Amino acid sequence: MEKYTPEREFRVMSRDEVRRIDAWAIAEIGVPGVVLMENAGRSCAELVRQKLADQADARVCLFCGTGNNGGDGFVIARHLLNADLRVRTVLCGTREKVGGDARINLEILERLGHPVELLDPGAAELSVHVQAFAGEADMVVDALFGTGLRGEVQQEYRLLLEAINDLDRPILAVDIPSGLDCDTGRPLGAALRAAWTVTFVAMKKGFLASPDAPRYTGEVYVASIGVRPPP
């Protein structure tokens with residue numbers, strides 16, 4: 001994992017280019033998607049541990065979506081539990097919508113006895129629920145939306161993103177701050193303001209395309225998913 005600095009040369013990819021790398025790794029190289037998810041989540045967990053190394057009895061709250069970004073979050077939660085951090089994992093949406101590799105990692109967490117709590121993004125007094133989950137956290141992990149997000153964020157999720165920002169807790173974003181467009185670097189109606197972003201494979205085009213993007217990404221770290229993409 002390398003911290004991005006403008007002085008060093010980093011590979012930059014668009015949303016579609018990143019998707020092609022994932023497809024190449026799975027279909028041509030034969031790396032199962034669940035292994036790619038494991039590698040991605042472990043890298044994020046390592047940075048969480050680094051940033052909280054001086055914090056005694058550290059607490060982390062993870063807000064996870066129902067897609068693969070949420071699956072990365074479940075992997076992160078497991079590794080943080082293994083490191084004896086105090087972890088709260090919140091699934092934002094219905095359990096039935098979680099499938100594929102994300103489902104595998106959700107069920108692993110549950111079989112380990114870690115409760116995955118549910119939050120309905122459409123709930124009344126959403127900010128109260130968010131505060132109850134994460135108000136005492138030393139760090140929040142954003143594993144809601146990945147690079148595939150297109151179009152304006154739906155109103156209920158917009159309110160969720162605003163409530164998480166209002167916590168005034170340091171946020172670590174998984175791959176991209178939720179709500180930020182991967183290619184333009186602009187918020188799709190609303191976006192989380194991260195202190196750190198661990199992005200996978202390459203810098204994302206939008207991180208450099210918009211002068212406002214650093215307000216949302218914070219420090220950016222580029223992490224491997226276990227295979228080096230072809231030139």
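Reader: Where does Asp 84 lie?

Author: Places in a chain are given by helices (H or I, at least four residues) and strands (E, at least two), which are DSSP runs numbered from the N terminus. Asp 84 is found in the loop between H3 and strand E4 (86-92). Residues are numbered from 1 along each chain as its sequence is written, and the model is a predicted one, in which local features need pLDDT of at least 70, side-chain atom pairs count only at pLDDT 80 or more, and totals for chains, interfaces and linings use all residues. Side-chain values rest on heavy atoms, with hydrogens and water left out.

Reader: Is Asp 84 buried or exposed?

Author: The terms follow relative accessible area: buried is under 20%, exposed is over 50%, and partly exposed is in between (1.4 Å probe, protein chains only). Asp 84 has a relative accessible area of 68%, so this residue is exposed.

Reader: What is to be noted about the phi of Asp 84?

Author: Most residues other than glycine have a negative phi. Asp 84 is not a glycine, yet its phi is positive, at about 70°. Val 201, also not a glycine, has a positive phi of about 75°. Val 201 is placed in the loop between E8 and strand E9 (203-204), and its relative accessibility of 16% makes it count as buried.

Reader: Which hand has the crossing of H3 and H4, and which residues make the contact?

Author: A crossing is left-handed if the near helix is turned anticlockwise from the far one by less than a right angle, and right-handed if clockwise. H3 passes H4 in a left-handed crossing. The contact (heavy atoms within 4.5 Å) includes Phe 74, Val 75 and Leu 81 of H3 and Asn 105, Leu 106 and Leu 109 of H4. By class, the contact has 8 nonpolar, 3 polar and 1 charged residues; Ala, Val, Leu, Ile, Met, Phe, Trp, Tyr, Cys and Pro count as nonpolar, Asp, Glu, Lys and Arg as charged, and the others, Gly among them, as polar.

Reader: What does Asn 105 touch?

Author: Asn 105 lies in helix H4 (residues 100-111) and is buried, with a relative accessible area of 1%. Not counting residues up to four places away in sequence, Asn 105 touches Val 34, Met 37, Glu 38, Gly 71, Phe 74, Val 75 and Arg 78.

Reader: At what angle do the axes of helix H2 (residues 33-51) and H3 cross?

Author: The axes of H2 and H3 cross at roughly 55° and come within 8 Å. The two helices are therefore oblique to each other, and their crossing is right-handed. Among the residues in this contact are Met 37 and Glu 38 of H2 and Gly 71, Val 75 and Arg 78 of H3. The classes here are 8 nonpolar, 4 polar and 5 charged residues.

Reader: How many aromatic pairs does the structure hold?

Author: A pair of aromatic rings is described by the distance of the centres and the angle of the planes. Rings of Phe, Tyr and Trp (its six-membered ring) pair if their centres lie within 6.5 Å; planes under 30 degrees apart are stacked, over 60 edge-to-face and the rest tilted. The structure holds 2 aromatic pairs. One of them is formed by Phe 145 and Tyr 157, edge-to-face, at 5.3 Å centre to centre and 65° between the planes. This pair links distant parts of the chain, 12 residues apart: Phe 145 is in the loop between strand E6 (139-143) and helix H6 (155-166), and Tyr 157 is in helix H6. Phe 145 is buried at 17% relative accessible area, and Tyr 157 is buried at 16%.

Notes. Axes are lines fitted to C-alpha atoms, for helices over the stretch in contact, and angles run from 0 to 180 degrees between N-to-C directions. Angles under 35 degrees count as roughly parallel, over 145 as roughly antiparallel, 65 to 115 as roughly perpendicular and the rest as oblique.
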